[in-house]
Amino acid sequence: MNGQDHRRARTRELHESVVIAAPPEEVFAVLSDVRRMPEWSPECVGVRILSARKNPGPVFLGFNRSGRRRWFTVCRVTRSDAPEEFAFRVSIAGLPLASWGFLLRPAGHGDTPAGPGSTRVTQYWRDLRRGGRGRVADLLGRTVAGTSPAARVRTNRSGMVTTLRRLKRAVEAAPGGEEPCPAPCPPPPPTPTRAPAPRLRP
């Protein structure tokens with residue numbers, strides 16, 4: 001074996017999922033509002049919309065923080081197919097970094113917890129750094145964010161778990177959001193009745 005056989009293959013894609021007790025339309029409306037991204041992302045601390053044009057896609061800046069390091073990326077929405085998929089492409093200094101997105105589908109019998117109107121949300125990340133420009137982007141990642149490619153994978157995996165947990169809490173806490181109950185759902189308790197007040201004789 002040569003030295004290359006001992007190298008670990010670089011992870012180019014990640015997926016994490018969660019089931020949210022709300023229909024896909026409600027979930028999509030929340031996660032597609034990029035201005036709310038700092039509410040659930042552990043790294044993004046601010047968003048500024050640069051262009052709301054639908055073609056070729058809205059553009060926004062994502063302001064990020066990790067410890068004492070701060071940086072921003074340019075993001076362009078590439079898919080907004082309600083209520084099934086929302087995705088955006090991230091770059092820095094004109095160099096492509098990654099594609100981030102969410103896939104939504106009605107929760108099935110194999111999903112836990114599952115209930116009427118629940119949604120399975122899968123967040124994905126795809127590494128777009130390739131060739132010479134990719135190596136420059138890797139160097140920027142080490143310099144600006146302080147992460148190597150391997151560390152970026154670990155950071156993103158942990159951040160996706162946190163993001164989905166916070167998204168679930170935000171959606172289910174919204175008016176109309178409910179925790180799913182086991183099937184079949186128990187009947188609601190009977191409404192208490194009040195005995196009629198006794199009539200007083202004059």
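Guide: Strands are DSSP runs of type E with at least two residues, numbered from the N terminus. The model shown here is predicted.

Visitor: In which strand does F72 lie?
Guide: F72 is partly exposed, with a relative accessible area of 45%. The residue belongs to the run of residues 69–81, which is strand 4.

Visitor: Which residue stands opposite F72 in strand 4?
Guide: Strand 3 and strand 4 run antiparallel and are joined by eight bridges. Across from F72 in this pairing is F63.

Visitor: What is the bridge partner of G46 in strand 3?
Guide: Strand 2 (residues 44–51) pairs with strand 3 (residues 59–66) in the antiparallel sense, over six bridges. On the strand 3 side, G46 is partnered by F63.

Visitor: Which residue takes a positive phi in the hairpin of strand 3 and strand 4?
Guide: The hairpin has two residues between its strands. The residue with a positive phi, near 65°, is G67.

Visitor: How much accessible area does the nonpolar patch on the surface have?
Guide: The patch is made of V45, F63, F72 and V74. A patch residue needs over 30% relative accessible area, and F72 has 45%. Together the four residues of the patch have about 300 Å².

Visitor: How many aromatic pairs does the structure hold, and what is the angle between the planes of F86 and F88?
Guide: The structure holds five aromatic pairs. F86 and F88 form one that is tilted, at 6.4 Å centre to centre, with planes at an angle of 55°.

Visitor: Is F88 buried or exposed?
Guide: Buried means under 20% relative accessible area. F88 has a relative accessibility of 7%, so F88 counts as buried.

Visitor: How far apart are W100 and W125, centre to centre?
Guide: W100 and W125 form a tilted aromatic pair, with 50° between the planes. Their centre to centre distance is 6.5 Å.

Visitor: How many residues apart in sequence are the parts that W100 and W125 tie together?
Guide: Both W100 and W125 are buried. W100 lies in strand 6 (residues 95–106) and W125 in strand 7 (residues 119–127), so the pair ties together parts whose separation in sequence, in residues, is 25.

Visitor: Which residue lies over the face of Y124?
Guide: For a charge to sit over a ring, CZ of Arg has to be within 6 Å of the ring centre. At 4.2 Å from the ring centre of Y124 lies R126.

Methods. Residues numbered from 1 in each chain as written. Predicted model: local features only at pLDDT ≥ 70, side-chain atom pairs only at ≥ 80, totals over all residues. Heavy atoms only, no water. Phe/Tyr/Trp six-rings, centres within 6.5 Å; stacked < 30°, edge-to-face > 60°. Buried < 20%, exposed > 50% of the residue type's maximum accessible area, 1.4 Å probe, protein only. Helix = DSSP H or I, 4+ residues; strand = E, 2+ residues; numbered from the N terminus. Lys NZ or Arg CZ within 6 Å of the ring centre and 35° of its normal. Patch = residues over 30% accessible without salt bridge, like charges linked within 9 Å, V, L, I, M, F, W, Y side chains within 5 Å. Areas by Shrake-Rupley, 256 points an atom, 1.4 Å probe, with all protein chains shown as cover. Salt bridge = Lys/Arg side-chain N within 4 Å of Asp/Glu carboxyl O. Pairing = 2+ DSSP bridges.
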